[in-house]
2 protein chains.
Amino acid sequence: MKKIALLILDGLGDRPCNVLHGLTPLQFAYKPNMDRMISEGQGGFMYPVSPGTNTGSDTSHLSLLGYDPRDVYTGRGPFEAMGLGLLMNPGDIAFRANFATVDESGTVIDRRAGRISEGTEALAKAISMEIEGYSFRVRPGVEHRAALVVSGPDLSDKISDSDPHEAGKRVQEIHAIDGSGKKTADLVNRYLKEAGRILNAHGVNLKRKKEGLKPANALLLRGVGKAPLLKPFHEKYGMKGSCIAGIPLIRGIGHLAGLSIVYDERMTGSYDSDYDLKVKKAISVLENEDFVIINFKATDVAGHDGDAFRKVEVIEKVDRAIAPLLSLAKSTVIAITGDHSTPCEMKEHSGDPLPLLVFSDGIRTDFCSYFDERHTIMGSLRLASGDLMQYLLALSGRAEKYGA
Amino acid sequence: MKKIALLILDGLGDRPCNVLHGLTPLQFAYKPNMDRMISEGQGGFMYPVSPGTNTGSDTSHLSLLGYDPRDVYTGRGPFEAMGLGLLMNPGDIAFRANFATVDESGTVIDRRAGRISEGTEALAKAISMEIEGYSFRVRPGVEHRAALVVSGPDLSDKISDSDPHEAGKRVQEIHAIDGSGKKTADLVNRYLKEAGRILNAHGVNLKRKKEGLKPANALLLRGVGKAPLLKPFHEKYGMKGSCIAGIPLIRGIGHLAGLSIVYDERMTGSYDSDYDLKVKKAISVLENEDFVIINFKATDVAGHDGDAFRKVEVIEKVDRAIAPLLSLAKSTVIAITGDHSTPCEMKEHSGDPLPLLVFSDGIRTDFCSYFDERHTIMGSLRLASGDLMQYLLALSGRAEKYGA
């Protein structure tokens with residue numbers, strides 16, 4: 001049995017770029033390691049979820065790990081919370097939250113607390129607490145935005161918002177939408193009262209009032225969602241594994257799937273990330289475990305920035321960093337692809353298929369010599385992302401026999 | 001409307017073999033007929049059930065005939081019975097069985113009757129009988145192993161084992177696991193009593209006792225399973241058809257699907273099988289019927305034996321044998337593929353896709369010139385095994401119009 005390394009260049013897929021004389025960044029880039037891997041291995045295309053599906057990184061990473069988002073995706077709430085760095089476990093609930101200004105009667109003065117830009121880190125920390133064995137964790141986002149995750153037994157997402165969605169209205173009591181929500185609604189109402197007390201008395205807000213700024217003295221909650229119940233990775237595949245990613249969302253999904261999280265601040269999730277470090281960590285993961293997924297985010301960042309040359313540069317950096325993986329061909333099945341396409345001229349995700357390569361000793365080969373959106377046509381693979389894990393299991397000698 | 005011939009080279013797919021200088025057996029073999037068929041027809045890949053699924057011959061043949069094993073596969077019990085040559089009809093139940101030694105009090109002395117190796121054929125025959133309109137058929141396997149099939153109306157598989165699974169324990173009364181099993185449990189208990197009487201008095205056992213060997217005086221039953229309820233082939237496709245196979249499992253599946261069985265002892269299911277005879281029989285089937293499936297087993301045997309040269313030899317023999325089919329192109333759609341891959345260097349099944357060719361007059365062509373795991377990349381076909389029959393129906397002018 002071999003081990004499996006799955007390398008995801010986020011937003012990798014692209015379309016012809018004018019500034020690259022009609023080539024895609026992958027076609028333009030000098031990437032001898034990827035080209036060698038596809039020449040000695042297999043190439044082709046991978047459809048994110050299904051042909052033409054314009055996935056986000058959340059749905060596509062779920063699918064890449066073999067969890068069909070059409071079954072398990074519970075909406076953006078939990079994934080935004082994970083994106084802010086709140087790890088969730090199956091059954092936890094998450095809210096999108098605003099730091100807001102509320103008067104003594106409980107009427108909302110400003111849903112965005114004057115678009116507060118400083119101090120939310122301290123406020124979030126102050127109102128992260130335990131109540132009756134339930135943990136409440138708040139993490140701030142940009143300006144007034146934040147997320148709240150509640151962890152504990154038997155939580156329900158069948159509850160209403162506390163956010164009245166309009167200034168001048170009173171903060172809403174959270175109520176149960178169906179019978180299962182009663183206990184959770186009570187619990188969160190109690191938490192919000194306590195959080196309000198703490199926020200009102202907090203130094204950040206006392207200082208804001210002194211400066212004539214609106215205090216961030218309430219947390220408004222909306223869009224509750226439950227973390228998907230994923231079958232733990234090691235139960236699903238009989239392999240222990242780790243997730244290496246610079247951005248919190250991908251680490252959150254890995255954690256939810258039961259993968260170990262390998263992280264270091266030098267993995268920044270942007271252009272300045274330390275790719276060599278990621279690959280080094282991956283190799284040491286594979287010494288003890290059977291599976292590793294690495295996400296390289298900066299290809300997607302360059303796509304969103306519309307910077308084709310930058311995308312080329314990121315691809316070339318990743319290609320240099322992965323050179324040590326070539327020597328693992330005997331023991332490991334290595335797959336390289338993206339989670340979705342982010343064409344530079346669109347600056348957003350598209351539903352285009354992804355180039356895919358699979359490299360290992362002794363597997364079949366095909367006619368691919370270059371790893372890009374055009375030459376992978378000469379490859380043998382045409383897979384939906386949800387079938388990739390099963391295909392890699394088969395190549396690594398891990399596919400359980402179905403029948404006799 | 002054309003007729004359809006589906007040729008399955010069992011375990012055909014392979015990976016690069018060192019002894020073949022990195023070629024697969026199909027690449028290495030001289031097979032001018034298959035190469036001509038794919039050159040004049042269509043080529044590509046077929047995924048057994050779905051990409052990366054590591055199928056057995058049972059699940060994959062069900063799928064090839066258009067019966068989705070994910071819906072109809074009822075576990076190994078009935079398929080092991082069919083593998084021993086017991087034809088089953090939908091609704092029949094099958095047990096795995098041991099010939100065992102039991103004392104007068106009903107306590108198991110030896111679950112394997114001293115690993116009895118001779119005489120089980122006669123014993124099985126002696127205890128194959130009818131009781132109250134139900135037929136009980138026993139067929140021996142290797143040593144003490146056997147299978148029992150019970151046929152008749154309203155049988156249930158919701159019943160327990162008689163096998164106590166341990167020497168020193170008493171043979172169990174079979175009991176119903178739910179209400180539906182009562183009648184079947186009673187019936188099988190009555191049969192086992194009668195079978196015990198016959199076995200105790202049987203010449204084979206009298207002789208064994210005289211020689212100081214443990215008598216095979218009881219049949220222990222376990223792992224009951226019901227034969228899948230398959231929609232009869234002629235109802236499903238509006239075609240009568242036949243199944244030609246050397247090994248009992250495939251004949252069993254064909255029978256279960258309502259195909260006629262064409263068999264001759266010269267079809268051995270191994271290296272010495274008479275391929276010319278199979279092809280001759282297939283041609284005469286097609287004179288009266290619209291469909292024939294032929295299974296050539298020896299490619300799989302060579303894969304399991306790890307003998308790449310032997311696999312090459314089998315492929316070349318089959319290729320010579322199918323020459324007469326080339327002249328049927330006007331009247332028949334001919335497909336050649338495998339049921340799963342059995343790479344010689346693995347000596348077991350893998351989840352790799354199968355090369356596929358389809359040959360007939362007047363169909364589209366593509367860029368395939370060679371029928372193997374590499375050159376079929378140049379072909380047009382990428383099908384899951386469960387879609388193959390529908391595709392062949394369409395090529396033969398038999399696909400019912402869907403819509404107007």
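**View 1. Just past helix α10 of chain B, G258(B) adopts a positive phi of about 90°.** Everything here is a predicted model, in which local features need pLDDT of at least 70, side-chain atom pairs count only at pLDDT 80 or more, and totals for chains, interfaces and linings use all residues. Residues are numbered from 1 along each chain as its sequence is written, and chains are lettered from A and ligands numbered from 1 in the order in which they are written. Helices (H or I, at least four residues) and strands (E, at least two) are DSSP runs, numbered from the N terminus. Helix α10(B) covers residues 248-256, and because eight of its nine residues are buried, the rest of the structure largely encloses it. Here "buried" means 20 or more other C-beta atoms within 10 Å of a residue's own, "exposed" means 12 or fewer, and "partly exposed" is in between, with C-beta atoms placed from the backbone. The buried set is P248(B), L249(B), I250(B), R251(B), G252(B), I253(B), G254(B) and L256(B). Their cover includes α3, α5, β10 (241-245), β11 (260-262) and β12 (291-296) of chain B; contact, here and below, means C-beta atoms, placed from the backbone, within 7 Å.

**View 2. An open sheet of eight strands in chain B has mixed pairing.** Follow the strands across in the order β11-β10-β12-β1-β13-β14-β2-β15. Two strands count as paired if DSSP finds at least two bridges between them. At the edges sit β11 and β15 (381-384) of chain B, each with a single partner strand, so one side of each has no neighbour in the sheet. On average, neighbouring strands are turned by 20° against each other, direction ignored. Look next at β1 (residues 3-9) of chain B: six bridges tie this strand to β12(B), and the two run parallel. Within that pair, L7(B) has I294(B) as its bridge partner in β12(B). Helix α10(B) from the previous view packs on this sheet, where it touches β10, β11 and β12 of chain B, and its direction makes about 170° with that of β10(B). Such angles run from 0 to 180 degrees between N-to-C directions, using axes that are lines fitted to C-alpha atoms, for helices over the stretch in contact.

**View 3. Strand β14 of chain B (residues 354-359) is mostly covered, with six of its six residues buried.** In a regular strand, side chains alternate between the two faces of the sheet. Here L354(B), L356(B) and V358(B) point one way, P355(B), L357(B) and F359(B) point the other way, and all are buried. What pairs with this strand? β2 (residues 42-47) of chain B does, antiparallel over five bridges, with M46(B) opposite L354(B). Strand β13 (residues 332-337) of chain B also pairs with β14(B) in the antiparallel sense, over three bridges, and puts I336(B) opposite L357(B).

**View 4. R398(B) lies in the segment after α14 (385-395) of chain B.** Is R398(B) buried or partly exposed? It has 19 C-beta neighbours inside 10 Å, so it counts as partly exposed. Now find M1(B): it is 397 residues away along the chain, yet the C-alpha atoms of M1(B) and R398(B) are separated by 6.3 Å. Leaving out residues up to four places away in sequence, R398(B) touches M1(B), G238(B) and L393(B).

**View 5. Chains A and B meet through 21 residues of chain A and 26 residues of chain B.** On the chain B side, β3 (54-55), α3 (57-64) and α5 (76-83) each supply at least two residues. That side divides into eight nonpolar, 10 polar and eight charged residues. In this count Ala, Val, Leu, Ile, Met, Phe, Trp, Tyr, Cys and Pro are nonpolar, Asp, Glu, Lys and Arg are charged, and the others, Gly among them, are polar. The chains also share strand pairing: β15 (residues 401-402) of chain A runs parallel to β3(B), joined by two bridges. There, Y402(A) stands opposite T55(B).

**View 6. Chain B superposes on chain A by a rotation of 124° with 0.4 Å of shift along its axis, at an RMSD of 0.2 Å.** That is how a three-fold axis relates copies. The copies use different surfaces, as 4% of the contact residues of chain B recur in chain A.

Technical notes. Contact = placed C-beta atoms within 7 Å. Least-squares fit on C-alpha atoms with pLDDT ≥ 70 in both.
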